[in-house]
Amino acid sequence: MSINEFAQAYASSDITRFHMPGHKGVRLHGLEPLDLTEVSGADFLFEPSGIIAESEQLTTQFFGSALTCYSAEGSSLSIKAALCMVRQLLGRAITVASPRNCHRAFLSACVLLDIDPIWIYPEASRSSLCKCEITPSDVQHLLNCQKIDVVYITSPDYLGTISDIKRIADICHSHGTLLICDNAHGAYLKLMQPSMHPLDLGADIVCDSAHKTLPAYTGTAYLHISHSAPNELTELAKPAMSLFGSTSPSYLLMESLDLCAKRLNDDLPALYTDCAKRVKKIKALISSLRLHDVSDEPLKITLDASACGYDGNQLAELMRKSKIECEYSDPGYVVLMLSPFNSESDFKRLENFLTALPLQSPKQTPNPTELFSFRPERAMSMRAAALNKSERISVDAAQGRICARGAMSCQPSVAVLAPGEKICSKAIKILKRYSIFQIDVL
């Protein structure tokens, strides 16, 4: 019996619910009868031995991992657990290196685990807060210079840039270093032919958001452990997740992951393959219209707005007038995420919008490469700064102060400054670029 089948049977059993949740299965929004707690037979997410274990095993088999664990708290929980597992594996403080386009969940994990990351600054110029194109040579240079326990990278990033995971993994492993990949935007990459998933390219631990690109409820995610990773990690995964996770995980989310698991092993591969072909046609149209898509992903389109004469936020507003809502926009880019569950009329609407969009002269903006070239000075540890007393002030008055909490907007939840870093004039310019006008300082 699957998780969803158990919930359906329980909902129709006419049982008296003298247990959580308080709605007692009475329909208010509509899904309450299927919203359960850990009643007899429902299994336990962090100590599964029944229907949850069976569903996770089905997903494990599909992804080809040594172990895949469900998360009902997004990939944020998976990221925290991943770093915790390595800390427990080595039994000591760990050294972690990462580019700066990491998600806020990584910063939270560093605060909780008392990690001060070593930032990897790429040789290539950085042109966006979301973009930090780390190359294998960048990683090789770092590992030649110092001992690192874990390299942590975000791929794909928010704009759709995909790193060379295979070569980076080979370099990490030659130095005895583990590779963790935040693949929150790329769970669907397993469905491509051939697979583009980081697990298949050599990453040791991979964190996926199921909900971002697969047909699953918001908040669903996976934590994958590779067969090539140390065997002990499979034993450490569930305890690490329970350390940070709620003792009341949503059964609605787990049922969603359960239904997704069945479809991963059924019709989803063909649907996603066909969708990638359809999106490829849209990308070809974009190129023919002299627009610029900077995404490497097969199911993501990232328009370089300034190249066609627009501010990205202005272009997003024009899309809304045509009944198109984007995933994200900022002054430079507009991000669109597509899936097989978009209809053909959705794709046609996008094509009609792009075809009718009047091209303008490239927009003259401040040089983003120069803007993002700064390297903040660390004044104190991330943990000490984040757990200290702070005050919120205008960014105009923040120069020289110490950032108390990660300074970021949501989305993309990528920090301009990490806790403990000194605020400089360039950082203030970037904060304003992303409409961040107040900041917490010590």
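This is a predicted model: local features need pLDDT of at least 70, side-chain atom pairs count only at pLDDT 80 or more; totals for chains, interfaces and linings use all residues.

Q: What is the order of the strands in the open sheet of three strands?

A: Strands are DSSP runs of E with at least two residues, numbered from the N terminus, and two of them pair if DSSP finds at least two bridges between them. Here the order is 8-10-9, with antiparallel pairing, and strand 8 (300-304) and strand 9 (328-329) are the edge strands, each pairing on one side only. Strand 8 and strand 10 (residues 333-337) are joined over five bridges, and K300 has M337 in strand 10 as its bridge partner.

Q: How many salt bridges does a search of the whole structure find?

A: Side chains of opposite charge can pair when their charged atoms come close. A salt bridge is counted when a side-chain nitrogen of Lys or Arg is within 4 Å of a carboxyl oxygen of Asp or Glu, and the search finds 20.

Q: Where do the partners D440 and R392 lie in the chain?

A: These two side chains meet in a salt bridge at 2.9 Å, N to O, with D440 in strand 12 (residues 438-441) and R392 in strand 11, 48 residues apart.

Q: Is D440 buried or exposed?

A: Buried means under 20% relative accessible area, exposed over 50%, and partly exposed in between (1.4 Å probe, protein chains only). D440 is buried at 10%, whereas R392 is exposed at 56%.

How values were computed:
Residues are numbered from 1 along each chain as its sequence is written. Side-chain values use heavy atoms; hydrogens and water are left out. Helices (H or I, at least four residues) and strands (E, at least two) are DSSP runs, numbered from the N terminus.
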